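Here's a quick briefing on the chain you have open. Have a look at the model first, then read on.

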Amino acid sequence: MKPAIVLSLVGLGVLLVALSGVWATLFPGTSSWTPDKAERLTELRRLLHNLAIAAASSPGDVSPRVATSPAAAQADYERLKPECDRLLAEVNAASSRPDAVASLLRWIGCSLAGIGLVVWYAGRQA
């Protein structure tokens with residue numbers, strides 16, 4: 001019975017390490033990040049950039065990028081900033097999730113294989 005347990009632990013560990021190597025290819029971060037979200041984030045970042053310039057200008061200046069007063073530009077900036085922050089957090093999570101799962105699989109696989117080898121070594125010494 002012990003050889004079956006040892007073989008199962010080591011085999012499962014090796015399988016998880018191998019799976020961690022291809023996890024990012026099988027489940028890329030782009031699967032949860034759509035082109036519509038990317039386009040919206042690009043548009044929001046462009047708008048926020050232009051609004052920040054307009055909000056920092058003096059009331060008499062006319063910005064060629066945004067034809068609003070600095071107060072109106074600041075209000076628009078504060079209205080759009082939370083949506084941009086939410087989309088940025090979403091894209092960061094989508095890009096780092098496959099690597100985090102692969103790392104977790106790698107560590108669990110190495111641990112299981114190590115435990116299997118320790119059990120095998122202890123069984124040989126007994």
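Predicted model: local features only at pLDDT ≥ 70, side-chain atom pairs only at ≥ 80, totals over all residues.

Residues are numbered from 1 along each chain as its sequence is written, and side-chain values use heavy atoms, leaving out hydrogens and water.

**Overall layout**
- You'll find three helices and zero strands here, counted as DSSP runs (H or I, at least four residues, for helices; E, at least two, for strands).
- The C-alpha trace spans about 90 × 25 × 15 Å along its principal axes.

**Burial and cores**
- Of the 126 residues, 23% count as buried, meaning under 20% relative accessible area with a 1.4 Å probe, protein chains only.
- The largest nonpolar core has 11 residues, among them Trp33, Leu41, Leu87 and Ala94; such a core is a set of buried Ala, Val, Leu, Ile, Met, Phe, Trp, Tyr and Cys residues joined through side-chain atoms within 4.5 Å.
- Helix H2 (35–56) and helix H3 (70–125) each supply at least two residues of this core.
- A second, separate core has six residues, including Leu9, Trp23, Ala102 and Leu105.

**Contacts**
- Leaving aside neighbours within four places in sequence, Trp33 is in contact (heavy atoms within 4.5 Å) with Ala38, Leu41, Leu87, Glu90, Val91 and Ala94.

Notes:
Buried < 20%, exposed > 50% of the residue type's maximum accessible area, 1.4 Å probe, protein only.
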